[in-house]
Amino acid sequence: LDAPTGLALITVAEGGENAITVASGANARMTPGHLPADLSPFTHLLLQGELPAAVNREAARRAHAAGLTVLLNAAPVQAPDPELLAHVTHLLVNETELAALAPAGGRVDGDGGGVDREVEAQARALRAAGPEAVTVTLGARGSLTVAGAQTYALPALPVTPVDTTGAGDTFAGVLAAGLPLPGALRTAGVAASLTCTRPGAQDAMPTREEIQANLR
């Protein structure tokens, strides 16, 4: 593509929370015609919101038809797309993205068990749109996943956050490794927590050995 590589500009507050501004560059110019024709060598497809909706939609459709596990990390969040969700195996959202995508709409606020019950209800409403599982990452509260009749509420690894940049990407990447639930969720949560303990994105992601040590 005759366009600059996409660029993300990240600022981090004193408590570790981040704000990200994205200049999409070549990502925004991708079309379904750039997708590979043969998906047979692959078992999983991980999508995210920095590509045009038409590209994600077609990629998910092809992968689903080929029998791949399709994961969608809905960040940055786009408009609800029922056709895309119909081909997603596992949807990953944070609370803000959940509120934007869930059929009930609205805002999730407050704290404690009441919020997590509302989160679960919204996740189940979103799951009815097509995904087999919906995971909501809850920051320091861990994650909540609905899959079939099961609900998995997993706490976060207690850490002192330095920079939360890349935590969601780490969670999605570890989850895409293909481990069965709920072990995959616990492993992904530990990995994401460890990412928050150091500055940066890719450089902050933990090794397999670090993850295993903290799982123990």
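What pLDDT does the chain average, and what share of the residues score at least 70? The model is predicted. Its chain averages a pLDDT of 91, and 94% of the residues score at least 70. One stretch needs care. Over residues 105–112 the pLDDT is below 50. In the model, this stretch still has 13 contacts beyond near neighbours in sequence.

Now turn to helix H6. This helix spans residues 183–195, 13 residues in total. From first C-alpha to last, H6 reaches 19 Å. That is close to the 18 Å expected at 1.5 Å a residue.

How many residues of H6 are buried? The count is 11 of the 13, so the helix is largely enclosed by the rest of the structure. Among the buried residues are Ala184, Leu185, Gly189, Val190 and Leu194. Thr187, Ser193 and Thr195 are also buried.

Strand S6 holds Thr135. Is Thr135 buried or exposed? Its relative accessibility is 0%, so Thr135 counts as buried, the cut-off being under 20%. The side chain of Thr135 makes a polar contact of 2.7 Å with the side chain of Thr145.

Which residues does Thr135 contact, leaving aside neighbours within four places in sequence? They are His90, Leu91, Leu92, Val93, Ser143, Leu144, Thr145, Phe171 and Leu185. Leu185 leads back to H6, where Leu185 is one of the buried residues.

Note on methods. Residues numbered from 1 in each chain as written. Predicted model: local features only at pLDDT ≥ 70, side-chain atom pairs only at ≥ 80, totals over all residues. Heavy atoms only, no water. pLDDT = per-residue confidence, 0-100. Contact = heavy atoms within 4.5 Å. Helix = DSSP H or I, 4+ residues; strand = E, 2+ residues; numbered from the N terminus. Expected span 1.5 Å × (residues − 1). Buried < 20%, exposed > 50% of the residue type's maximum accessible area, 1.4 Å probe, protein only. Polar contact = N/O pair within 3.5 Å; in protein donor to acceptor, adjacent residues only side chain to side chain.
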